[in-house]
Amino acid sequence: MKNSLQIARIFGIPIKIHVSFLFVLPFFAWIFAQQPEPYGFAGIEGDTLRYALALVTSILLFASVLVHELSHSYLSLKYGANIREISLYLIGGVSAIEGEIRDPAKEAAMAFAGPFSSLIIGIFLLAVNYLFNPAVSSTEGSALFLVIFILGYINIVLAAFNLIPAFPMDGGRILRALLATRMGFVEATEKAAAIGKILAFIMAIIGLLISIWLVLIAIFIYMGATGEERQVKSRYSRY
Ligand SMILES: [Zn+2]
């Protein structure tokens, strides 16, 4: 990845962040500082404390995404693939995996590892908030519990979003792996991409009625489905 900085090396894998991150991180902190409870810190007294909490939450959100990517990587390494690098964006990451895993069960497990880790982190944090937050409402109470609640909530959303059965989400890869148990890899990719495009189409129509964001996500999914299909086909046409 161009214009990126290596921040760490875990399991021998270079962890890189894109330079845009230096702007995106403060931007997310700003959003968290403006949002009212329970999804932000607008209700917290004092500018310094409010922005400090928002920044800490943004950094921990980034750490959650890193754990998600490392979960994919850990299983990939275990199954014998090579990870060139992990590139991180604030709400997502990309693991550059070299060498293909031909076993559909392993591919499904690798794809599922990321959302599974997000789900576990999310359930754990929401459970901690639910069990130990002394406030009457589960979303009020001390600022620390607000941080825990927001991170737990976002991790659940990350898990759910990634499980949408369409490329480029992990769910698209899980779907392809399931299809690949009954047909060839290229055909499974075509079928999974077709399902992804249909989903994107439905999402776009619903989005036009309720939210422009859904339309943007639909376009993102449609492009992901098209891209994955093209990439797999060009790779296999050489054989
Ligand atoms: Zn993932």
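Me: Is F11 buried, partly exposed or exposed, and what is its relative accessible area?
Reply: This is a predicted model, where local features need pLDDT of at least 70, side-chain atom pairs count only at pLDDT 80 or more, and totals for chains, interfaces and linings use all residues. Residues are numbered from 1 along each chain as its sequence is written, and side-chain values use heavy atoms, with hydrogens and water left out. Buried means under 20% relative accessible area, exposed over 50%, and partly exposed in between (1.4 Å probe, protein chains only). F11 comes out as partly exposed, at 47%.

Me: What is the phi of F11, and where does F11 lie?
Reply: F11 isn't a glycine, yet its phi is positive, about 55°. Helices (H or I, at least four residues) and strands (E, at least two) are DSSP runs numbered from the N terminus. On that numbering, F11 lies in the loop between β1 and β2 (13-18).

Me: Which residues make the nonpolar surface patch of about 470 Å²?
Reply: Patch members need over 30% relative accessible area and no salt bridge, with nonpolar side chains (Val, Leu, Ile, Met, Phe, Trp, Tyr) joined within 5 Å and like charges within 9 Å. A salt bridge here is a side-chain nitrogen of Lys or Arg within 4 Å of a carboxyl oxygen of Asp or Glu, and areas come from Shrake-Rupley with a 1.4 Å probe, only the protein chains shown counting as cover for residues. L5, in strand β1, is partly exposed at 38%. β1 (4-10) and α1 (21-34) each supply at least two residues, and the patch is made by L5, I7, V19, L22 and F23.

Me: How are α3 and α5 arranged relative to each other?
Reply: Axes are lines fitted to C-alpha atoms, for helices over the stretch in contact, and angles run from 0 to 180 degrees between N-to-C directions. The axes of α3 (residues 104-132) and α5 (residues 170-180) come within 8 Å and cross at roughly 160°. Under 35 degrees counts as roughly parallel, over 145 as roughly antiparallel, 65 to 115 as roughly perpendicular, and the rest as oblique. So α3 and α5 are roughly antiparallel.

Me: Where does P168 lie, and what is the omega of the cis peptide bond joining F167 and P168?
Reply: P168 sits in the loop between α4 (143-162) and α5. The bond joining F167 and P168 is cis, with omega about 5°.
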